[in-house]
Amino acid sequence: MNLKNTADRWGPVSQLLHWVIVLLLLMLSTIGLLLDSLPVTPKYFWVFDLHKSTGLTLLALVLLRIGWRLYAGAPKPLAGTPTWQARIASVTHWLLYALILAMPLSGWLYDSASGLRPLRWYGLVEMPKLSAPDEGLRELGHTAHEWLFWVLVVLVIGHVAAAFYHHIFQRDATLQRMLPRRRRN
């Protein structure tokens, strides 16, 4: 079994990282959108810590995903794909990686500059602070985190729409290349 990507499809490692990152993004988005409605009390700190810990996990996974992509390459564009579409797809992928990197980093900066108690990754490991308490950096981290989220939402919607467009209207293998192969009996 070849774990690397081939010329015509994403390999199992890329697929696994892609779908785990998708699930984490959905979880983080849901929790993140609900955080503002939670009272800031010790009773609910575990929700904030879950969001932060999962964001740091996402950061590690996207770094792994980028490293794997650089190592394993990417499938070639499908035959007949216009050059402009292939370029847009490539730029979109790298923008998604950049945003998924920037989101947890901006959240980590926001948490660090807030001067809150130390963050313990899932209660296990104390994470270093990226800065000393600083109101300006706290505000920058918070604003960046929110704006990056909404830009990421728009880009993800475009990415998903393009995949379904190819699947439904173009009837090509674009979407299938990121799905696990079905085993034949």
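Tutor: Here is a walk from the overall fold to the salt bridges, then to a loop residue and a surface patch. This is a predicted model, where local features need pLDDT of at least 70, side-chain atom pairs count only at pLDDT 80 or more, and totals for chains, interfaces and linings use all residues. Residues are numbered from 1 along each chain as its sequence is written, and side-chain values use heavy atoms, with hydrogens and water left out.

Start with the fold. The protein has four helices and two strands. Helices (H or I, at least four residues) and strands (E, at least two) are DSSP runs, numbered from the N terminus. Along the sequence their order is α-α-α-β-β-α. The C-alpha atoms fill a box of roughly 55 × 35 × 30 Å along the principal axes.

Next, burial. Of the 185 residues, 34% are buried. Buried means under 20% relative accessible area, exposed means over 50%, and partly exposed lies in between (1.4 Å probe, protein chains only). The protein exposes about 11,800 Å², and carbon and sulfur atoms supply 69% of that area. Accessible areas come from the Shrake-Rupley method with a 1.4 Å probe; for residues, only the protein chains shown count as cover.

Contacts come next. A contact means heavy atoms within 4.5 Å. Among contacts between residues at least 6 apart in sequence, 72% join residues at least 24 apart.

Now the salt bridges. The structure holds six of them. A salt bridge is a side-chain nitrogen of Lys or Arg within 4 Å of a carboxyl oxygen of Asp or Glu. One of them joins the side chains of D111 and K52, at 2.6 Å from N to O. D111 lies in helix α3 (residues 83-113) and K52 in helix α2 (residues 45-72), so the pair ties together parts 59 residues apart in sequence. D111 is buried, at 4% relative accessible area. K52 is partly exposed, at 23%. A network of salt bridges links K52, D111 and K129.

Two further pairs deserve a look. The side chains of E126 and R120 meet in a salt bridge at 4.0 Å, N to O. E126 is partly exposed, with 49% relative accessible area. R120 is partly exposed as well, at 37%. R138 and E139 also form a salt bridge through their side chains, at 3.5 Å, N to O. E139 is partly exposed, at 37% relative accessibility.

Then the loop. L130 sits between β2 (125-126) and α4. Its relative accessible area is 41%, which counts as partly exposed. Leaving out residues up to four places away in sequence, L130 touches L105, W108, L109 and S112. L130 and D172 are 42 residues apart along the chain, and 45 Å separates their C-alpha atoms.

Last, the surface of α4. Helix α4 (residues 135-170) contains I168. I168 is partly exposed, at 45% relative accessible area. Together with V156, V160, F164, Y165 and F169, I168 makes a nonpolar surface patch of about 550 Å². Patches are made of residues with over 30% relative accessible area and no salt bridge: like charges are joined within 9 Å, nonpolar side chains (Val, Leu, Ile, Met, Phe, Trp, Tyr) within 5 Å.
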